[in-house]
Amino acid sequence: MNTVPDLSHWTTNKEEVTVADIKDYGELFTADILVVGGGMSGLVTAIRAKENNPELDILVIDKGIIGWNGQATKAGNGIRSTSKHPDGIKNALKYLVHAHTPYMNDQEFLKVYLEYHRDNIDYMKHCGVITSCDEENKATPLTFIPDALDIGGVSINVCAQLRQMALKLGIRLLSRVNIFELLTSKNGKVIGAIGFDCDHMRCKIFHAKAVAMATQGCHFKKIGLEFMGYGTGVGAMYRVGAVMRNVEFSTQVDVVFKKTNTPIYGGFNMICNKDGLNLTDEYIGHKEWEVTPALVDAMVKEVKKGNGPLWVDLEKPDEVRVMIGGTDMDESTQRMFRDKLAWEELVFCKTAKNIGEVGTKPETTIKTVLQVEPIKVDTGIKTDVEGLWAPGKVTTQGNAYFGWTRGDGLGNASTTGMMAGDSIAPYAASADWDELDLDQIKVLKEKIYAPLNRPTNHHPKEIYDMIERYIFDVKKSILKSSEEIKKIYKDIEVMKELVPQLTADDPHTLAKCLEAADTILCLEMIMKSAEMRTETRGIMYPHYRSDYPETDNKNWLKWINIRQGKDGEMELFTEEIPMWRYPERPEGYEIPEGHVDEYDEEKFFA
């Protein structure tokens, strides 16, 4: 198998290009498979692909230190899997379709996802990851949703353990390289990437048969939290033609300790006003397993009435708190290991030292996050663009959309990595080497380095400061309306005008200038799709329109897709969700004209 391209020469549209010409622009690296992002999903993609075909040359790159970066290095504590019950997949699918963003799922994708998801804890243990085990050292999850979903413990050092497995298999790792654009062939196939190293700002050019962008999404800037994502992977994929989906469901909401701004795991049914009135009992009437817009609305109303501060009664944990945040179990089987508990204890110790103890009846507030994870993929985690895959949270919204649900951030990373690895390996093994385009490399390099030493005095912080205000404005981040969306459009125009004036003088600030531009792009995607969807739907990642407060299954069983148009502008279009092929349908659903009922339970769950 020819795993190395002939680098003696190749041609562009205009002239013959030699290796020396390429090196005039930057250092060239080649690999059969290039994985951009060395967190959990990227490493699992690489490991799974290498195990499928050991002859493949696989290179994983990351702007951090591979093994000690990525969301999993702080999120590690719980990992979900589909129950191995005979009806586990069917039951899990039903739960996920109804529980979080009802009927926005691609149920055909979700069925395949859940098949892989059933084995992901076992596969993590196979890869050397420490998981909760039984006395025979077999991975042993706990029941999360009976006969549907299980949940297990996993080490916070999951990425370091996956790194060891990757190195053992012969996968190459390259840390401290930041990627901002994808390279394409003349027919639009993705064949590489370009960026610079984070220490010396030297241009790095990558040539590959296939590229997996495991880059997380866009988490924007948020105060006091550990997960940061600026949408550079989303922007790079958007610019080569990838389709975005379900971007309107991009507001994550949680309740947090007011002093630490860290989540009160499972404490959302225990919020009280200053007089001890429980808000769930008063406004909702039943316990929820996620934070809902109704709870957020209740919290806002109580504060407006003068009934704050709001607080959580940790002395009386309910069953939700015990399941999601409980630690009264043997360490071998609990979902929160000592390494995660130690990390949280460190946060609380620092808090106590600086601003006092949190206590057992702490004040609470709302934490909102604008979080974009929109790449549309197929059941192999392949995008609509030839040669491009998108494993991990960067694609959570765009495929089966069920958002980040308790304990499944790591489940999603491992599962999509397994699916991508199985798909990308045979593709790369049979693909040819396409020619790099020197003109394209020149243009993209100039774009990437454009902010360097501009004679201006504008900095990326100006843009992030504008966006960060939305965290404290529930009318813009959660309880949206047409009026509030139009206000944000005005902000976006101001931010766009700032982008060509941003200046940088080192690798860090250069990256921030480029990240700011893609952050604005992601913010615009959220608002345009939120404006188009004239209804309210969803829980954990709610799309809430205060001017359209009801769910509208008659008119909005549709996906909103986004792509870059031929004129370079953002193009939105809807796609009918094929409920006529799916098992889970809304009550009263009528198959639209031109379609017939195609659902066959035996074939669907075969």
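Which backbone oxygen lies 2.7 Å from a polar atom of the side chain of Thr415? In this predicted model, the oxygen in question belongs to Gly411. Thr415 itself is found in helix α13, which covers residues 409-430. With a relative accessibility of 0%, Thr415 counts as buried, because buried means under 20%. When neighbours within four places in sequence are left aside, the residues in contact with Thr415 are Tyr113, Tyr116, His117 and Asn120.

A second residue, Met532, is found in helix α18, a helix assigned to residues 507-532. Its relative accessibility of 28% places Met532 in the partly exposed class, because that class lies between the limits of 20% and 50%. Apart from neighbours within four places in sequence, Met532 is in contact with Trp556, Ile560, Leu572 and Thr574. A further relation in space concerns Ser482, which is 50 residues from Met532 in sequence, while the C-alpha atoms of Met532 and Ser482 are 9.6 Å apart.

Among the elements of the chain is an open sheet of three strands, arranged in the order β5-β7-β6 and paired in antiparallel fashion. Strands β5 (78-82) and β6 (142-145) form the edges of this sheet, each of them pairing on one side only. From one strand to the next, the twist averages 40°. The pairing of β5 with β7, the latter covering residues 149-153, is antiparallel and consists of five bridges; for Ile79, the bridge partner in β7 is Gly152. Helix α4, made up of residues 88-99, lies across β5, β6 and β7, and its direction is at about 120° to that of β5.

As regards the confidence of the prediction, the protein chain has an average pLDDT of 87, and a score of at least 70 is reached by 88% of the residues. Over residues 7-16, however, the pLDDT is below 50, although this stretch has 25 contacts in the model beyond near neighbours in sequence. The pLDDT also stays under 50 over residues 329-336, a stretch for which the model contains 27 contacts beyond four places in sequence.

Conventions:
Residues are numbered from 1 along each chain as its sequence is written. This is a predicted model: local features need pLDDT of at least 70, side-chain atom pairs count only at pLDDT 80 or more; totals for chains, interfaces and linings use all residues. Side-chain values use heavy atoms; hydrogens and water are left out. Helices (H or I, at least four residues) and strands (E, at least two) are DSSP runs, numbered from the N terminus. Buried means under 20% relative accessible area, exposed over 50%, partly exposed in between (1.4 Å probe, protein chains only). Contact means heavy atoms within 4.5 Å. A polar contact is a pair of N or O atoms within 3.5 Å; within protein, one must be able to donate a hydrogen and the other to accept it, and residues adjacent in sequence count only if both atoms are side-chain atoms. pLDDT is the predictor's confidence in each residue, from 0 to 100. Two strands pair if DSSP finds at least two bridges between them. Axes are lines fitted to C-alpha atoms, for helices over the stretch in contact, and angles run from 0 to 180 degrees between N-to-C directions.
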